[in-house]
Amino acid sequence: MKHDQPIYDVIISGAGPVGLFLACELALAKCQVLILEKAKSPQSPFKRLPFGIRGLSAPSIEALYRRGLLEELEIHKRLKNPHATSVQQGPRRQVGHFAGIPFHEGDIDTSLWKHRLTSSTETNLISEMEEIETVLTRRTEVLGVEIKRGFELTSFHQTEDGVIVQSGEQSFQGHWLVGCDGARSVVRKLGGFEFESTEPEFTGYSTKVDIADPEKLSPGRNLTDRGMYLQSQPGFIVIQDFDGGAFHSSEKQITLEHVQEVLRRISNTDVTINALHFATTWTDRARQATSYRNGRILLAGDAAHIHSPLGGQGLNLGLGDAMNLGWKLAATIHKKAPEGLLDTYYTERYPIGAQVLDWSRAQVTIMKPNPQARALNSIIRDLMETRDVATYMAGRVWGIFTHYDLGNAHPLVGYSVPNFEFEDGRRIGEFMRDSQGILLDFDTNTSLKTLANEYGDQVKYVSGKAKEQLGLSAVFIRPDGMIAWASDGKPDRQSIRQAASLWFTQFIS
Ligand SMILES: Cc1cc2nc3c(=O)[nH]c(=O)nc-3n(C[C@H](O)[C@H](O)[C@H](O)COP(=O)(O)OP(=O)(O)OC[C@H]3O[C@@H](n4cnc5c(N)ncnc54)[C@H](O)[C@@H]3O)c2cc1C
């Protein structure tokens, strides 16, 4: 190690969406960040449409909006419907699915989601991996994050006050290391993390092929008595082969002959593939690290949890990890964190990850090619036509119900703050770009302003009447937009201080 080398606050392994977003959060909070990325180039056909398609759920949309990044994503403006395989409009517009069973816009009763304002941000949007990474990379550059591409993290060791990271012959020094290096995370493997697992049922294939006789395949998603195939656009085929994940685990090369054999067997046709342009495999193996921290090593995104892409939640889960971890790690680095703040990253995010893993397991169960699964599938299909079930499914898929258990002082505590609109047209989300806590005071009570000042630059005071206040008088919002405290009546300053003490350090008392 050369003596003139910088010591970074945080080294992040992996410039995927989670590593990039975490870097933005840390740099916003004035941390010095280095990202080491194994790949020389960020480009890949699997990051572009149609395979690179990613559904963003409400918490991700809010996170990007709150940091002024949402407006830079363009693709959702031209592709309104992430899940439909046919172009439908109106109340029957398909807006999501569970195990391939669609739910429709007109069946969803959003009035049941009381903590979401009707005028709030969108609940679901479509985007593309490449675009998300491009927008995030641009922001990291503005914020001064250093990204070294073509630098694979190969090993590391922690000392009492830092981490020395090795990329081949080169060393880098940081105070913290975060593994955002995806499903096969080296940081997780070398960092002594346990990775609990349920085994896969199938190998999934994403392929681009030329088909000699495409009329032999049906369009859209097809459950057959041997598996599933989906043709979203001509030549773009996704297949699920219930082989217990054997082919994926074998790490054999994916040949044209193999894809043709699998497609013929699953589709029950003698379809012929003329050319295989690209192909990748995946499984429904579900695994989650039993801890997200080991000393100065942390995990986020796919490095901490993997599951099948069914229902598309992995990216959303990872962005949620980054939004939760960034400000807590920054406060720890700047010595502004109350005791135990960093531990709440795991206690809050692990249960959310576990729910997503279960959601994907439940879908696999009713997709299996056996009579029992088909029977249950048909019942869920009927139930999906009801308003209650469609609303529940949308709430789960879009992350509307996401909340942290922060005690039950007020029903809104632990939920994402509604995007209150003030009388001058500004919204509370616009005040969150710098990642400070906010004491939102609808009654312009000067004593609350004094109280906010007790936390220095960690907390900002915002006051004014909102068009819809949901009966609230004041709200304390964490930097990640989650409600830490709320009051319907006259605010009790002591209860605010008590709630704030979990998240911020008081400088004046
Ligand atoms: C077919 C498919 C469809 C999907 N659809 C959706 C969807 O609609 N919605 C959704 O939310 N999710 C979806 N997902 C899941 C989503 O893509 C992942 O959860 C997400 O990409 C995870 O982001 P990440 O940054 O944690 O990991 P990755 O995106 O895997 O990024 C990890 C990065 O780390 C780098 N890296 C790896 N090892 C090292 C190393 N040793 N040193 C340095 N760098 C390293 C890699 O090169 C990579 O750039 C889908 C996944 C698949 C496969």
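Helices (H or I, at least four residues) and strands (E, at least two) are DSSP runs, numbered from the N terminus. The model is predicted: local features need pLDDT of at least 70, side-chain atom pairs count only at pLDDT 80 or more, and totals for chains, interfaces and linings use all residues. Residues are numbered from 1 along each chain as its sequence is written, and side-chain values use heavy atoms, with hydrogens and water left out.

**Exercise 1.** Find the strand that holds Thr207, and decide whether Thr207 is buried or exposed.

Solution.
- Step 1: Thr207 belongs to strand S12, residues 203–211.
- Step 2: Buried means under 20% relative accessible area, exposed over 50%, partly exposed in between (1.4 Å probe, protein chains only).
- Step 3: The relative accessibility of Thr207 is 1%, so Thr207 counts as buried.
- Step 4: Contact means heavy atoms within 4.5 Å. Not counting residues up to four places away in sequence, Thr207 touches residues including Phe51, Phe236, Val259 and Phe278.

**Exercise 2.** Describe the open sheet of 3 strands and state which strands stand at its edges.

Solution.
- Step 1: Two strands pair if DSSP finds at least two bridges between them.
- Step 2: The strand order is S11-S17-S20, and the pairing is antiparallel.
- Step 3: S11 (195–198) and S20 (305–306) each have a single partner strand, so they are the edges, and one side of each lacks a neighbour in the sheet.
- Step 4: Between S11 and S17 (residues 286–289) there are 4 bridges; Ser197 has Arg287 in S17 as its bridge partner.
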